[in-house]
Structure formats: structure tokens, C-alpha cells
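Subject: Structure handover, charged residues

Hello,

Please find the structure below. My notes on its charged side chains follow.

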Amino acid sequence: MKYTIETTENGCRETIVMNNGNTYTKRHRKTFYGSECKDEEFCNQMENDGYCEEMLEKIYDVFDSFLASEFMDIAKL
């Protein structure tokens, strides 16, 4: 499994690549109040591919609860 987060012109992009090659992406756009995500949560994307409930819960806890706006603030510094 590989997780990356990178800045973009107007926000950031998070990507998870699973060992089997499945790739999931969340794109965030910086807003006045924080950020807006243009994609579904990782756990919802992965549920559609049949991942078990235990995996979905862990993904939610670790990656979907992440505040992308905080990352964008750090990147701006």
C-alpha cells in the first residue's frame, strides 16, 4: 500500500494505491473556510471494490479524518 499527498495549483491531492494496483484519489480545493473535497471518502470508494469492513474502518480513521486544509497551510509556509 502506498499513500501520497501533494500540493496542486489550488489545493492538494491524496492518493492511495493498494498492493493489487487499485488506486483511489481525493482532490481538495482550498476555500476561504478551509477546503472542499471533490471526491468521495476513500472508505466509500474502496467499499465499492469490496474491501472488508475492518479495512474500511481503518482507512476512515487514518485517512478520511485527515484535515487536508491543515496540510495546505503547512505547504504554504
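Arg27 is partly exposed, at 39% relative accessibility; that class lies between buried (under 20% relative accessible area) and exposed (over 50%), with a 1.4 Å probe and protein chains only. The areas come from the Shrake-Rupley method with that 1.4 Å probe, and for residues only the protein chains shown count as cover.

On provenance: this is a predicted model, in which local features need pLDDT of at least 70 and side-chain atom pairs count only at pLDDT 80 or more, while totals for chains, interfaces and linings use all residues. Residues are numbered from 1 along each chain as its sequence is written, and side-chain values use heavy atoms, with hydrogens and water left out.

Salt bridges

The structure holds seven salt bridges, each defined as a side-chain nitrogen of Lys or Arg within 4 Å of a carboxyl oxygen of Asp or Glu.

Arg27 pairs with Asp39 in one of them, at 2.8 Å from N to O. Arg27 belongs to strand β3 and Asp39 to the loop between β4 and α1, so this bridge ties together parts twelve residues apart in sequence. (Helices, H or I of at least four residues, and strands, E of at least two, are DSSP runs numbered from the N terminus.) Asp39 is partly exposed, with 23% relative accessibility.

Salt bridges with shared partners also join Glu14, Lys26, Glu41 and Asp64 into one network. Glu14 sits in strand β2 (residues 11-17) and Lys26 in strand β3 (residues 23-31), so the pair links parts that are twelve residues apart in sequence. Both count as buried: Glu14 has a relative accessible area of 0%, and Lys26 is at 2%.

Lys26 also forms a salt bridge with Glu41, at 3.1 Å from N to O. Glu41 lies in the loop between β4 (34-37) and α1 (42-47), so its bridge to strand β3 ties together parts 15 residues apart in sequence. Glu41 is partly exposed, at 30%.

Negative patch

Glu47, Glu53, Glu54, Glu57 and Asp61 gather in a surface patch of negative charge. Such a patch takes residues with over 30% relative accessible area and no salt bridge, like charges being joined within 9 Å. Helix α2 (residues 53-64) gives the most to this patch, with four residues. Glu57 is found in that helix and is partly exposed, with a relative accessible area of 45%.

Regards

How values were computed:
Patch = residues over 30% accessible without salt bridge, like charges linked within 9 Å, V, L, I, M, F, W, Y side chains within 5 Å. Lys, Arg positive; Asp, Glu negative; His and termini not counted. Charge placed at Lys NZ, Arg CZ, Asp CG, Glu CD.
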